[in-house]
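Subject: Structure handover

Hello,

Here is the structure for you to look over. My notes on what turned up follow below it.

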Amino acid sequence: MNKQETYLQLLPQIRALIAGEQDLIANMANIVAALYEAFGFWWTGFYRVSDDMLVLGPFQGPIACTRIPHGRGVCGSAWAQGQTIIVPNVHEFAGHIACSSASNSEIVVPIRSDGRVIAVLDIDSTDYNAFDSTDQYYLEQVAAILSAG
Ligand code: SME
């Protein structure tokens, strides 16, 4: 199964998982578990905007930094720009925050509510160049499902 097929299988599962559940943390927890199980990425998790910082939320993978300031690292930059950021090689991203030295590429997708970024979905891979426009397209759909839920 290629990446697109995996996402296409996963999206209805994610919709069903969070249907009828309003709690954001519970929904984030099931979404990261589903993504992690389907793809086996090194780190898959959410950071939530709280007190003008990104604060670690539900995740799967090794322990991670708990707080990221606005505009800092890939996560803080995606929050500040309100846009998905794909980093093919994290060692070349100025200001990248290395929670784990095993991470080599990363994608960060903002989650919105009423037009404001309320969280980001962050996925790290040990492979270089692991993420492309297909990941962006489907992970932005995951973000929309979570926001709508
Ligand atoms: N690398 C991220 C920090 C979070 S960890 O990857 C889990 C960044 O630069 O924002």
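In this predicted model, helices α1 (residues 3-18) and α2 (residues 24-39) pack with their axes 10 Å apart, at an angle of about 155°. That angle is over 145 degrees, and the two helices are therefore roughly antiparallel. Their crossing is right-handed. On the α1 side, the contact is made by K3, T6, Y7, L10, I14, L17 and I18. On the α2 side, N27, N30, I31, A34, L35, A38 and F39 make it.

Y7 and F39 from that contact come up again among the aromatics. A search of the whole structure gives seven aromatic pairs. In one of them, the ring centres of Y7 and Y138 are 5.2 Å apart. Their planes stand at 15°, so this pair is stacked. It links distant parts of the chain. Y7 belongs to α1, and Y138 sits in helix α4 (residues 133-148), 131 residues away. Both Y7 and Y138 are buried.

A second pair to look at is W43 with F59. Here the ring centres lie 5.3 Å apart and the planes are at 20°, so W43 and F59 are stacked. W43 is buried, at a relative accessible area of 5%. F59 is partly exposed, at 27%.

Ring pairs also build a cluster. Its members are Y7, F39, F41, F131, Y137 and Y138.

Now the strands. β1 and β2 run antiparallel and are joined by six bridges. Within that pairing, F59 of β2 is the bridge partner of G45. F59 therefore has two links to follow here: the stacked ring of W43 and the bridge to G45. The hairpin of β1 and β2 has two residues between the strands.

Where to start? I would open the contact of α1 and α2, then go to the stacked rings of Y7 and Y138.

Best wishes

Technical notes. Residues are numbered from 1 along each chain as its sequence is written. This is a predicted model: local features need pLDDT of at least 70, side-chain atom pairs count only at pLDDT 80 or more; totals for chains, interfaces and linings use all residues. Side-chain values use heavy atoms; hydrogens and water are left out. Rings of Phe, Tyr and Trp (its six-membered ring) pair if their centres lie within 6.5 Å; planes under 30 degrees apart count as stacked, over 60 as edge-to-face and the rest as tilted. Helices (H or I, at least four residues) and strands (E, at least two) are DSSP runs, numbered from the N terminus. Buried means under 20% relative accessible area, exposed over 50%, partly exposed in between (1.4 Å probe, protein chains only). Two strands pair if DSSP finds at least two bridges between them. Axes are lines fitted to C-alpha atoms, for helices over the stretch in contact, and angles run from 0 to 180 degrees between N-to-C directions. Angles under 35 degrees count as roughly parallel, over 145 as roughly antiparallel, 65 to 115 as roughly perpendicular and the rest as oblique. A crossing is left-handed if the near helix is turned anticlockwise from the far one by less than a right angle, and right-handed if clockwise. Contact means heavy atoms within 4.5 Å.
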